[in-house]
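Have the structure open while you read.

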Amino acid sequence: MAVAGDVFRQGLPEVGAGKLHVLAVDDSHVDRKVIERLLKISSCKVTVVESGSRALQYLGLDGDKSSIGLDSVKVNLIMTDYSMPGMTGYELLKKIKESSVFREIPVVVMSSENILTRIDSCLEEGAEEFLLKPVKLSDVKRVTDFIMRGEGKNGVQRSQKRSRSDDCTRSLSTALCDPSSSPSSAVSYSKKSRLNMD
């Protein structure tokens, strides 16, 4: 008998060798299309789902007893919206980080709301990055380049967190303290940037 995750994945194409596979989660059809397009431009294999529960189903973490593991689902990165009905991106992040199989997969949380307590909570829970929408091609390229650099031999993800010097966006302190900063400029938050501010 097939489990829900197996059934959900049946129609999906296999990941090409050497291609980064990103699971993109967003309840907004327009935002899903935008992030999918940006990821494809960045030469990524993309699987898009519309909710946190569908993401868990795809990963085989939806509560069904299954033998699905990292070898079966080749996901190198998960990008999720924060504000979604049913299950927030934060709740999805927590479920992924609680999984012994998927906890090392980097998770990037995206939101159009710049709420520092929300950002801190996500980074403390294990998010690799917190990106403010609208997500730009430069954001996607920076994140995917980092993930590709962190790939070990045979596609095994090394437990390597990026340093602030790897970040090509302005620092959080500049974004918060410079009144002349343009609100449309890209801002991303990483674990290291928040730690350096404390």
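The points below run from the whole chain down to single residues.

1. First, the ground rules. This is a predicted model, so take it as such: local features need pLDDT of at least 70, side-chain atom pairs count only at pLDDT 80 or more, and totals for chains, interfaces and linings use all residues. Residues are numbered from 1 along each chain as its sequence is written, and side-chain values use heavy atoms, with hydrogens and water left out.

2. The overall layout. The chain has eight helices and six strands; helices (H or I, at least four residues) and strands (E, at least two) are DSSP runs, numbered from the N terminus. Going along the sequence, the order is α-β-α-β-α-β-α-β-α-β-α-α-β-α. Of the 198 residues in the chain, 47% are buried (under 20% relative accessible area, with exposed over 50% and partly exposed in between, using a 1.4 Å probe and protein chains only). Take the contacts (heavy atoms within 4.5 Å) between residues at least 6 apart in sequence: 66% of them join residues at least 24 apart.

3. Helix α3 deserves a look. Six of the eight residues in α3 (residues 52-59) are buried, so this helix is largely enclosed by the rest of the structure. The buried ones are G52, A55, L56, Q57, Y58 and L59. Just after α3 comes G60, with a positive phi of about 80 degrees.

4. What does α3 pack on? Two packed helices are described by the angle between their axes and the distance between the axes. For α3 and α4, the angle is about 20 degrees and the axes are 9 Å apart (axes are lines fitted to C-alpha atoms, for helices over the stretch in contact, and angles run from 0 to 180 degrees between N-to-C directions). The two are therefore roughly parallel (under 35 degrees; over 145 is roughly antiparallel, 65 to 115 roughly perpendicular and the rest oblique). G52, A55, L56 and L59 of α3 make the contact with L92, K95 and I96 of α4. By class, that is five nonpolar, one polar and one charged (Ala, Val, Leu, Ile, Met, Phe, Trp, Tyr, Cys and Pro count as nonpolar, Asp, Glu, Lys and Arg as charged, and the others, Gly among them, as polar).

5. Helix α4 (residues 89-98) also meets α5 (residues 116-125): their axes come within 10 Å and cross at roughly 10 degrees. These helices are therefore roughly parallel to each other too. Y90, L93, K94 and K97 in α4 meet S121, C122 and E125 in α5, giving three nonpolar, one polar and three charged residues.

6. Now α2 (residues 29-41) against α6 (residues 137-150). Their axes come within 9 Å and cross at roughly 55 degrees, so the pair is oblique. I35, L38, L39 and I41 in α2 meet L137, V140, K141 and T144 in α6; six of these residues are nonpolar, one is polar and one is charged.

7. Finally, two buried side chains. T47 sits in strand β2 (residues 45-49) and is buried at a relative accessible area of 4%. Its side chain makes a polar contact with the side chain of K45 (3.1 Å); a polar contact is a pair of N or O atoms within 3.5 Å, where within protein one must be able to donate a hydrogen and the other to accept it, and residues adjacent in sequence count only if both atoms are side-chain atoms. S99 lies in the loop between α4 and β4 (107-111) and is buried at 9%. The S99 side chain reaches the backbone nitrogen of F102 at 3.1 Å.
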